[in-house]
Amino acid sequence: AYVRAKFDADRARAESPVDQLTGLYNVRGLARRAREMGSAAFRHEEAFACIVFSPVLDPAADELATEAAISTSVQRLAKMLRDNGRVSDAIGRLGPSEFAIIAQDTDAVGATRMAERLVAILQSGAAEGLGTMKMAAGIDVVANYHEAPIDPEDMLTRATKAMRQSRADTSGSWIRQFDTGMAN
C-alpha cells in the first residue's frame, strides 16, 4: 500500500502543470495555458505575446556557484516575477534559468514595455538578495491572433530563440523581438 501511494504521488508530481521549485507553471503547464489563452485570443481577434527572460550568467562565476545557491536564486527570480507580473498572464519556468510570460491582448509595444518593466525589477534584485544581474529577453507577438497561422507553443520557441540571440550578442539590445531571419 505504501509503495502504491508513493508511486501515485510521484506520478502526480511528474504530471503536475506546476514547477516544484518555483510554484510557476512548468513547460507542460505553460504550453497548456498558452493553448487556452491562444484560443481566447483567436475568438476575440486579440493580440497575443510571448516573452522569455533569462539572466546573462558569467561562465566563470557559474562554475563556482553551488546547486543550492542557484536554486535559491531561481526561487527568488520566480517570486519577483509572481509578485510583479500581471494576474491575467501565465508565468512559467522553461529551463534552469529561463522564464516565460504568455500575455493575451498585448501588442508589440505593450510586450516591450512589460519586458522592460520586469527586467528592470529583476535587474535590481538586490532587494531580494540577488545582487545586480544582466538580463536578456526575447519577444514574439502577433497583432491579431485570429489571422496568425502559428501555434502558441511555436511562439514560445520563437521568443526563446530571440532571447538566446540577445543573450549571445552582448553588443546588441538586451531585449529582442523575433523576426523571420532568426528562424534559421
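1. Start with Ile91, which stands opposite Ile101 in E3. The link between E2 and E3 is a hairpin through 5 residues. For bookkeeping, two strands pair if DSSP finds at least two bridges between them. Helices (H or I, at least four residues) and strands (E, at least two) are DSSP runs, numbered from the N terminus.

2. A word on what you are looking at: this is a predicted model, where local features need pLDDT of at least 70, side-chain atom pairs count only at pLDDT 80 or more, and totals for chains, interfaces and linings use all residues. Residues are numbered from 1 along each chain as its sequence is written, and side-chain values use heavy atoms, with hydrogens and water left out.

3. Now the overall picture. The protein chain has 6 helices and 5 strands, in the order α-α-β-α-α-β-β-α-β-α-β along the sequence. Of its 184 residues, 41% count as buried; buried means under 20% relative accessible area, exposed over 50%, partly exposed in between (1.4 Å probe, protein chains only). Take the contacts (heavy atoms within 4.5 Å) between residues at least 6 apart in sequence: 68% of them join residues at least 24 apart.

4. Antiparallel partners of E1 are E3, with 6 bridges, and E4, with 8 bridges. Ile51 has Ile101 as its bridge partner in E3, while Val52 stands opposite Ala100 in E3. Towards E4, Cys50 is partnered with Asp140.

5. How many residues of E1 are buried? The count is 8 of 8. In a regular strand the side chains alternate between the two faces of the sheet. In E1 both faces are covered: Phe48, Cys50, Val52 and Ser54 are buried on one side, and Ala49, Ile51, Phe53 and Pro55 on the other. E3 is mostly covered too, with 5 of its 6 residues buried.

6. Next, the aromatic rings. A search of the whole structure turns up 1 aromatic pair. Phe48 and Tyr145 make up that pair, tilted, at 4.9 Å centre to centre and with 45 degrees between the planes. The pair ties together parts that are 97 residues apart in sequence, because Phe48 lies in strand E1 (residues 48–55) and Tyr145 in the loop between strand E4 (135–142) and helix H6 (152–168). Here, rings of Phe, Tyr and Trp (its six-membered ring) pair if their centres lie within 6.5 Å; planes under 30 degrees apart count as stacked, over 60 as edge-to-face and the rest as tilted. Phe48 is buried at 0% relative accessibility, and Tyr145 is buried at 6%.

7. Asn144 sits in the loop between E4 and H6. With 17% relative accessibility, Asn144 counts as buried. A polar atom of the Asn144 side chain lies 3.0 Å from the backbone nitrogen of His146. Leaving out residues up to four places away in sequence, Asn144 touches Glu45, Glu46 and Ala47.

8. On to Thr106, in the loop between strand E3 (99–104) and helix H5 (108–123). Is Thr106 buried or exposed? Thr106 is buried, at a relative accessible area of 3%. Setting aside residues up to four places away in sequence, Thr106 touches Ala47, Phe48, Ala49, Arg86, Ala111, Met114 and Val141.

9. Last, H6. At its start, a side-chain oxygen of Asp151 comes to within 3.0 Å of the backbone nitrogen of Glu153. The buried residues in H6 are Pro152, Met155, Leu156, Ala159, Thr160, Ala162, Met163 and Ser166. Seen down the axis of H6, these buried residues fall within an arc of 160 degrees, so they line one face of the helix; the arc is that of the directions from the helix axis to the C-beta atoms. The buried residues of H6 pack against helix H2 (27–44), E1, E3, E4 and strand E5 (175–177).

Key. Polar contact = N/O pair within 3.5 Å; in protein donor to acceptor, adjacent residues only side chain to side chain.
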